[in-house]
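Welcome! Here is a short briefing to read alongside the sequence and the 3D view.

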Amino acid sequence: MMTAVPALAPREAADDSAEFLAGLGRRVRDARARRGLSRKALSLEARVSERYLAQLEAGEGNASVVLLRRVAVALGATLPELLGEGSPEHRLIRRFLDELPPHRLEDALFRLMREFGRDDAARRSRIALVGLRGAGKTTLGHALARELHWPFVELDREIEREAAVGLSELFMLHGQSGYRRIERRCLERVIESHDRLVVAVGGGIVSEPETFHLLLDRCFTVWVKAEPEQHMARVVAQGDFRPMEGSQEAMADLSRILAAREPLYRKADAIVDTSAADPAQSLRELKDLVRA
């Protein structure tokens, strides 16, 4: 006699399966975008149908993955553990990280990168300057690259070349998420194609954890820092008078952005404060830091 399958308990019936599948689809879609693959190209490489990929990316993946996840939860395990992914050490590390509260994960990742990531000498062959517009990244980057006889790359210009439109048009066409995907691709390409370089990156790169961690892992990163008033004055000196249209509000916004991003900027290997120093003095400080 066939045993009846028990109905799902209320907790199971109202679980987060839809959220899980939506997140899975989003991660697949983002990973495909980072690699610059069309859905057709990925379907050929993965040997699955385009229809399946479309459903997966739309959050309508096969229910079997949800059932497997339920089994893992019931066993107190994770999907990678059941699938036999990685060594026992990898699985123990995953379990340890899973048990950390969310606010500690970022700190744990940063410590792992600094303790076990690429050695300092390897990272110093690529110097990355990060900070808000008007800090002096481009001026210092050009000057340092000349001193070292290395190429200088401005990541925003690489993004514009790849997108074939200016940054403002890129944001209008593809939004923040589209810009960040292209930014990640361009950064990966620039790093892989240069053994030595000085690169200036946009100040908002710190808000995209994976991209910022890539920068910290592969480059010796310097926060080029200035006071809000200096940022504003230099942007205006570059010919952009838009901040002055609402200068009081713009200054308050700039101060808030700096305050919010400061903990992230401080993860850089070093800091050069250009607020009061002349460019020559800032360059000397930067050269000393890079050669230390």
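A residue is called buried when its relative accessible area is under 20%, exposed when it is over 50%, and partly exposed in between (1.4 Å probe, protein chains only). This is a predicted model, in which local features need pLDDT of at least 70 and side-chain atom pairs count only at pLDDT 80 or more, while totals for chains, interfaces and linings use all residues. Residues are numbered from 1 along each chain as its sequence is written, and side-chain values use heavy atoms, with hydrogens and water left out.

**Overall make-up**

- The protein chain has 16 helices and five strands; helices (H or I, at least four residues) and strands (E, at least two) are DSSP runs, numbered from the N terminus.
- Of the 292 residues in the protein chain, 37% are buried.
- Contact means heavy atoms within 4.5 Å. Among contacts in the protein chain between residues at least 6 apart in sequence, 72% join residues at least 24 apart.

**The sheet**

- Five strands make up an open sheet with parallel pairing, in the order E2-E3-E1-E4-E5. Two strands count as paired if DSSP finds at least two bridges between them.
- At the edges are strand E2 (152–154) and strand E5 (270–273), each of which pairs on one side only.
- From one strand to the next, the twist averages 25 degrees. Angles run from 0 to 180 degrees between N-to-C directions, and axes are lines fitted to C-alpha atoms, for helices over the stretch in contact.
- Strand E1 (residues 126–130) and strand E3 (residues 197–200) run parallel and are joined by four bridges. Arg 126 has Leu 197 in E3 as its bridge partner.
- Helix H16 (residues 279–291) packs on the sheet, where it touches E1, strand E4 (220–225) and E5. The direction of H16 makes about 170 degrees with that of E5.
- E4 and E5 also pair in the parallel sense, over four bridges. Val 224 has Val 272 in E5 as its bridge partner.
- Which residues of E5 are on its covered face, and which on its uncovered one? Ala 270 and Val 272 form the covered face, while Ile 271 and Asp 273 form the uncovered one.

**Nonpolar cores**

- A nonpolar core is a set of buried Ala, Val, Leu, Ile, Met, Phe, Trp, Tyr and Cys residues joined through side-chain atoms within 4.5 Å.
- The largest nonpolar core has 29 residues, and Leu 155, Ile 159, Ile 205 and Leu 215 touch the most other members.
- Two or more residues of this core come from each of E1, helix H11 (155–163), helix H12 (167–193), E3, helix H13 (209–218) and helix H15 (247–265). H12 gives the largest share, eight residues.
- Leaving out residues up to four places away in sequence, Ile 205 touches Val 130, Leu 155, Arg 180, Glu 183, Leu 187, Thr 211, Phe 212 and Leu 215.
- Another core, of 20 residues, lies apart from the largest one; its members include Ala 135, Ala 143, Trp 150 and Val 290.

**Charged pairs**

- Side chains of opposite charge can pair when their charged atoms come close. Here a salt bridge is a side-chain nitrogen of Lys or Arg within 4 Å of a carboxyl oxygen of Asp or Glu, and the whole structure has 14 of them.
- Arg 180 and Glu 183 form a salt bridge through their side chains, at 2.9 Å from N to O. Both Arg 180 and Glu 183 are buried. They are three residues apart in helix H12, so about one helical turn separates them.
- Arg 184 and Glu 210 form another salt bridge, with their closest N and O atoms 3.7 Å apart. Because Arg 184 lies in helix H12 and Glu 210 in helix H13, the pair ties together parts that are 26 residues apart in sequence.
- Arg 184 counts as buried, at 13% relative accessibility, whereas Glu 210 counts as partly exposed, at 44%.
- Arg 266 and Glu 262 form a salt bridge too, the closest N and O atoms being 2.8 Å apart. Arg 266 is partly exposed at 44% relative accessibility, and Glu 262 is partly exposed at 28%.
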